[in-house]
Amino acid sequence: GWDEPTCVQYAFTERVAFVATLFFAVMAIIGKLMPKLHDQGWDLKFIVFMLVLLALMWAPSTIFDEHGYVWFARVFAFIFLILQQIILIDFAYTMNDYLYKFNQWVLLGASLFLYAASLTGICLMFVYFKGCRSNEAFISLCLIAIVIFTIIQLLSNPELGHNLLTSSAVASYITYLTYVAVSSNPTGERCNPTLSDSKDTLAVFLGMGMVLISLVATVYFASTSMTQLLNAPDGDAEAQSPGNEQLTRDLLTGDLDQPSAGVAGTTSGRQSFNVAMRDSMMGSSNSAIVLYFNLVMLLICQYWCMVLTNWGDSSASNSNSSPAAGDVVMWMNISASWVCCLLYIWSLVAPMIFPDRDFS
């Protein structure tokens, strides 16, 4: 059930996320139509943001809780997780190609390390999170999935890009998601030793610290990588060029509004390149990158709102040392691990099912 402080915290977080969602939706439209306005007038934008937030403080809670906005946030936060998984799998394939050319022993060592970490995590979960059927089922399914996609990968044609490093990376990732799921099980301390009502300061600090670190890392890395992913759905080399990557970084750091006049004689070479690249890519034909950037930020808003409110779960345990515990967060994370397995297995079997298509 709810206690009053938690109710206030969740209500405020949901209102801030709702206003941020509106903000990035409007910025996406502006960025598509007039991309040069993206980094202008931030004083006015901030004032409008705060006024809207202040006005919504008196709005009915049913607009933002499980009867309204929270379900929108859950759906799009889950979409955000799926995009993260696509990027992870693609990155693992890329790293395998790089390490294969660099040093095959390093490739083998990295794969064995990730598999060892995954197996160790599964063993520890069987030891410390036993006692209820749901946890034991989640851990068992994780182990079975790893065995299945590893066998498929080993039996597949290596020329299609299937590799042990990708399998080991996915294994480690779904093991992590399974741990998050079982450690969020609100059943009780009998099957979840991290669930405690203790007021221990260190436990509370570590619990909230992990949430903060993960959010900061998510905002920076996901905003750059996902913008590139959405901007080039067909693998367009031009859309994934270093210029677009630099433009995305400028969107994050606020460099788009720097003057371009007289650049050649007064700025460094790197600054000249940044400004020239910005001026050449901010035309209407490439304004889509600003649109996609703001859409990614909109998705991130939903994700951090769900993380900070236990995915909007009103039945959460409210444990001090396990701030992210509840039925919804448990099922969201275990579902994300299953989706990741399906995505990777599809990447393995798709070239066999459709041999005439180019999956490179």
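Among contacts (heavy atoms within 4.5 Å) in the protein between residues at least 6 apart in sequence, 77% join residues at least 24 apart. The model is predicted, with local features needing pLDDT of at least 70 and side-chain atom pairs counting only at pLDDT 80 or more, while totals for chains, interfaces and linings use all residues. Residues are numbered from 1 along each chain as its sequence is written, and side-chain values use heavy atoms, leaving out hydrogens and water.

The secondary structure comprises 12 helices and 0 strands; here helices (H or I, at least four residues) and strands (E, at least two) are DSSP runs, numbered from the N terminus. Of the 360 residues in the protein, 43% are buried, meaning under 20% relative accessible area with a 1.4 Å probe, protein chains only.

Helix α6 (residues 164-182) makes a friendly example to follow. Because 16 of its 19 residues are buried, α6 is largely enclosed by the rest of the structure. Its end C-alpha atoms are 27 Å apart, in agreement with the 27 Å that 19 residues should span at 1.5 Å a residue (1.5 Å times one less than the number of residues).

What does α6 meet in α3? Leu165, Thr166, Ala169, Val170, Tyr173 and Leu177 of α6 touch a set of α3 residues including Gln85, Leu88, Tyr93 and Leu99.

Technical notes
Axes are lines fitted to C-alpha atoms, for helices over the stretch in contact, and angles run from 0 to 180 degrees between N-to-C directions. Buried means under 20% relative accessible area, exposed over 50%, partly exposed in between (1.4 Å probe, protein chains only).
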